[in-house]
Amino acid sequence: MFRHTTLRYATLALLLAGALFQALTAGYFGLEILTEILILAMLVLALDIVAGFGGMVSLCHGALMGVGAYAFTILSTSAGIAPPIAMGGAVALSGAIAWIIGAICSRSHGIYFIMATLAFGQMAYSYVFEAPIFGGDDGLSGIRRLDLSLIGLNLNDSRTFALFCLVLLGAVYGAAVLILRSGLGRSFSGVMHNEQRMRALGLTVWRVKADVFGLSGMIAGLAGTLAAQHIMYISPGLLTWTVSGEALVVVILGGLGTLVGPLVGAAAFVVLKHEISGITPYWHLAVGLILIGVVMSRSNGIFGWIEKRWGARLDRRLADATRSQDQKEVTTDA
Amino acid sequence: MLKTRELDKKFGAVHVTRQVSLKLERGERRVILGPNGAGKTTLFNQLVGELTPDSGSVHLAGEDVTSLTVAQRARRGLSRSYQKNTLFDGLTVEENLGLAAAVHTGHATRLWGDSLARPEVREIVQEVAEQVNLMPFIHAKVSEISYGVRRQLEVGVALATRPLVLLMDEPTSGVGPEMSKAFHDLLNNLPRDLTMLIIEHDMDLAFDVADTITVLNYGEVVFDGAPNEARGSSLLREIYLGSWEDA
């Protein structure tokens, strides 16, 4: 079950401070990288909810993000619906499709679940690639960002858009924590720990899995609507399984089932990608080597390694400090 | 409260349950005895719905539940504990009981609010923890408690769903004599209106707790009666090869 620790709070504060500093001081290129990190972070949070807390390792979250991106684009351009409503509609559609996928795949486990979600993802990719309404290989353009001029914000400005994405990521993180701490979230974790027992207690397991997968799909869809607004162009490449695979790599790199870890993973992955690709076009090799190192270290990703090394020590120190403070107060009172 | 009618199950050529008919009244405590391979756990699995019988039916509180799923039967009041601990290992004792209590109170699928913080869930957790003597370990993780305490928790999790009928598969399996004695007291102190069906190899516990004893052999009911009748049964003595007198 999800628990916040001192280290997790500290890491969140550090990440937030870093993002704010970057958002307020960086130039155009730096802001583009920051926005890329924030959108990827949203997608990997969605994946961590189902994979890290429910054991549902999905290879269709890229496709769910693509559904969000395409639905937003078509609703806001061809259908002429106001972008905020189009965004809501796209998120709802991604959630509904994810719920159906979750319901169908909930009875399979392990490699079979992965393969089933991969099949759904590739079906979505093929459909979007072939259907004329989606623009085929050429994709769709002419995407407008939300108009928030009523509250004095211009999202066409890179800095404002990055800050907007940061606010939404914060809201999504809060929602993820609420989901995992709710009755539904706790039951979902219970199912991962012991599905047979949860069923024997009277829980309709497939329904719980489908509900959480649907919520996770909504978050992936929201990331898709932001991705479409960020680049202002979308193509079927957004739905390929490699996007899902990349998201999974980021979750594992950061720390599966920690929520904070995938945020660390997203930042590390995008920064590494840009830094190493400036030196060599074979940046995937470097990321691959780092991933192998992380997996071989038997830690739960970068953040898992940090937690193992310093988490317990930090909590112990804080507990000692609180105890000695209490003792001091008692002595002073006496 | 719980009734089976001619339950029959075969695994290929092996006939594991032969026309088993049982009838448990409300509050009755029945122990099922039988040698290894007699079909006791297979019978349990058919009662809770983990296995589908080839023929026959299961009735709970007057309702035919034969076609219902495991979860549907559990929600109607049929709860079980397992021979091997089937707990939520990474969680605390409180969280284990809370998960079960949340399912019973309907908070397990709600998106708003922490199910374990609900007063009705907390009340059940507190009450069950006291019933099965788990209060000293309430905040400990399952991985931190002894095997015997885990057996208590195994029963506690089943109890936290507030069942009408509690099925226990060898609750004292693997525990020492002292712990086994504690289990006698624990089971004897459970509410008298709770119907219990227990698979057990511990003869002392069987004769101490049971109102009725049913003996299975090769999937067939060969004895059904009071504990004192069971003690004098030559057929049972034969099945257990004399271990009876040691009990």
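In the predicted model, strand β3 (residues 29-33) and strand β8 (residues 195-199) of chain B pair in the parallel sense over 4 bridges; two strands count as paired if DSSP finds at least two bridges between them. R30(B) stands opposite L197(B) in β8(B). Helices (H or I, at least four residues) and strands (E, at least two) are DSSP runs, numbered from the N terminus.

β3 and β8 belong to an open sheet of 6 strands in chain B, with the order β6-β7-β8-β3-β9-β10 and mixed pairing. The edge strands, β6 (78-81) and β10 (220-225) of chain B, each pair on one side only. On average, neighbouring strands of this sheet are turned by 20° against each other, direction ignored.

Helix α1 (residues 40-48) of chain B lies across β3, β6, β7 (165-169), β8 and β9 (212-217) of chain B and runs at about 150° to β7(B). Helix α5 (residues 147-159) of chain B lies across β6 and β7 of chain B, at about 170° to β6(B). Contact means heavy atoms within 4.5 Å. Axes are lines fitted to C-alpha atoms, for helices over the stretch in contact, and angles run from 0 to 180 degrees between N-to-C directions.

In chain A, helix α9 (residues 205-231) has 27 residues and should span 39 Å at 1.5 Å a residue; its end C-alpha atoms are 39 Å apart, which agrees. The expected span is 1.5 Å times one less than the number of residues. Of the 27 residues of α9(A), 23 are buried (under 20% relative accessible area, 1.4 Å probe, protein chains only). M232(A), with a positive phi near 65°, follows α9(A).

Residues are numbered from 1 along each chain as its sequence is written, and chains are lettered from A and ligands numbered from 1 in the order in which they are written. Local features need pLDDT of at least 70, side-chain atom pairs count only at pLDDT 80 or more, and totals for chains, interfaces and linings use all residues, while side-chain values use heavy atoms, with hydrogens and water left out.

Notes. Buried < 20%, exposed > 50% of the residue type's maximum accessible area, 1.4 Å probe, protein only.
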